[in-house]
Amino acid sequence: MNDEIIIFRLQKCFDLKTNREVANFLGLSESMVSKILKGKKSLSLFYRLKILCKFGYVRDLTAEIGPEQLGVKLIALSIANAQRGVGAVLPNDSGATDFDGNDQEVLDEIDIKALKNRGSIALNLYCSHLIKAFERLFQFKNNESLAEALGVDSSTISNIKNGRHGIGEGSCLKILYRIEGDFDLNFVERVTSSTELLAELIDAYHD
């Protein structure tokens with residue numbers, strides 16, 4: 001099933017009469033809409049997430065899966081981990097400490113500085129810092145375990161770390177879920193990977 005069916009269902013549901021109206025609705029170019037209708041292009045994960053947001057199935061995840069946005073979230077997580085670590089060794093009301101022997105992973109100053117400087121470095125280099133920070137905070141032992149968590153192969157992880165490749169939208173979505181875990185990743189992945197399921201959701205909303 002081609003993604004043209006998604007365009008048709010959106011037109012019906014929101015009374016979008018022209019390619020321009022569809023383009024404005026999704027934030028696409030008219031030429032891209034035309035190519036989708038001709039079966040030459042498909043909707044990326046980014047635009048499928050926008051559709052889910054339009055119907056209220058999830059919040060606007062597209063605003064949170066960019067590398068820079070994820071970098072901000074990793075810094076915040078590192079700070080939270082550091083604060084928990086301090087709290088674990090401070091005495092409680094009884095004079096004892098809550099330290100349980102488990103160290104919380106935090107980023108060092110070099111990591112944080114790199115994640116704050118997206119505007120001054122190339123995207124692939126930024127993604128290299130991002131993937132390494134993610135690996136450290138979540139204590140992945142090797143490229144293989146990290147690759148499995150992000151749904152890619154280990155050579156892709158190696159290329160990202162070496163600055164030869166960016167991080168795909170699907171992997172960014174998984175990183176976001178690991179950081180926050182406040183949406184149904186299984187539902188989102190299942191629907192966004194199936195044109196048929198996405199079309200059915202649009203129909204269900206319209207009906």
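Modeller: A residue counts as buried under 20% relative accessible area, exposed over 50%, and partly exposed in between, with a 1.4 Å probe and protein chains only. This is a predicted model, in which local features need pLDDT of at least 70 and side-chain atom pairs count only at pLDDT 80 or more, while totals for chains, interfaces and linings use all residues. Residues are numbered from 1 along each chain as its sequence is written, and side-chain values use heavy atoms, with hydrogens and water left out.

Colleague: Is K17 buried or exposed?

Modeller: K17 counts as exposed, because its relative accessibility is 61%. K17 sits in the loop between helix 1 (4-14) and helix 2 (19-26). Its side chain makes a polar contact with the side chain of D15, at 2.7 Å. A polar contact is a pair of N or O atoms within 3.5 Å; within protein, one must be able to donate a hydrogen and the other to accept it, and residues adjacent in sequence count only if both atoms are side-chain atoms.

Colleague: What is the phi of D15?

Modeller: Most residues other than glycine have a negative phi. D15 is not a glycine, yet its phi is positive, near 55 degrees. D15 lies in the loop between helix 1 and helix 2. Q139, also not a glycine, has a positive phi of about 55 degrees, and Q139 is placed in the loop between helix 7 (123-137) and helix 8 (143-150). A glycine with positive phi is G56, near 80 degrees, which follows helix 4.

Colleague: How many helices and strands does the protein chain have?

Modeller: The protein chain has 12 helices and zero strands. Helices (H or I, at least four residues) and strands (E, at least two) are DSSP runs, numbered from the N terminus. Of the 207 residues in the protein chain, 40% are buried. Among contacts with a separation of 6 or more, 59% join residues 24 or more positions apart; contact means heavy atoms within 4.5 Å.

Colleague: At what angle do helix 4 and helix 10 pack?

Modeller: Two packed helices are described by the angle between their axes and the distance between the axes. Axes are lines fitted to C-alpha atoms, for helices over the stretch in contact, and angles run from 0 to 180 degrees between N-to-C directions. Helix 4 and helix 10 pack at about 50 degrees, with axes 9 Å apart, which means that helix 4 is oblique to helix 10. Angles under 35 degrees count as roughly parallel, over 145 as roughly antiparallel, 65 to 115 as roughly perpendicular and the rest as oblique. L45, F46 and L49 of helix 4 make the contact with E169, G170 and L173 of helix 10. By class, four of these residues are nonpolar, one is polar and one is charged. Here Ala, Val, Leu, Ile, Met, Phe, Trp, Tyr, Cys and Pro count as nonpolar, Asp, Glu, Lys and Arg as charged, and the others, Gly among them, as polar.

Colleague: How do helix 10 and helix 11 cross?

Modeller: The axes of helix 10 (residues 169-180) and helix 11 (residues 185-192) come within 11 Å and cross at roughly 165 degrees; therefore helix 10 is roughly antiparallel to helix 11. L173, K174 and Y177 of helix 10 meet L185, V188 and E189 of helix 11. This contact has four nonpolar, no polar and two charged residues.

Colleague: Which residues does T192 contact, leaving aside its neighbours within four places in sequence?

Modeller: With those neighbours set aside, T192 is in contact with L45, R48, L49 and L52. T192 belongs to helix 11 and counts as buried because its relative accessibility is 8%. A polar atom of its side chain lies 2.6 Å from the backbone oxygen of V188 and 3.5 Å from that of E189.

Colleague: Where is S78 placed?

Modeller: S78 is in helix 5 (residues 67-89), and it is buried because its relative accessible area is 3%. A polar atom of the S78 side chain lies 2.8 Å from the backbone nitrogen of L107. Apart from neighbours within four places in sequence, S78 is in contact with V106, L107 and L137.
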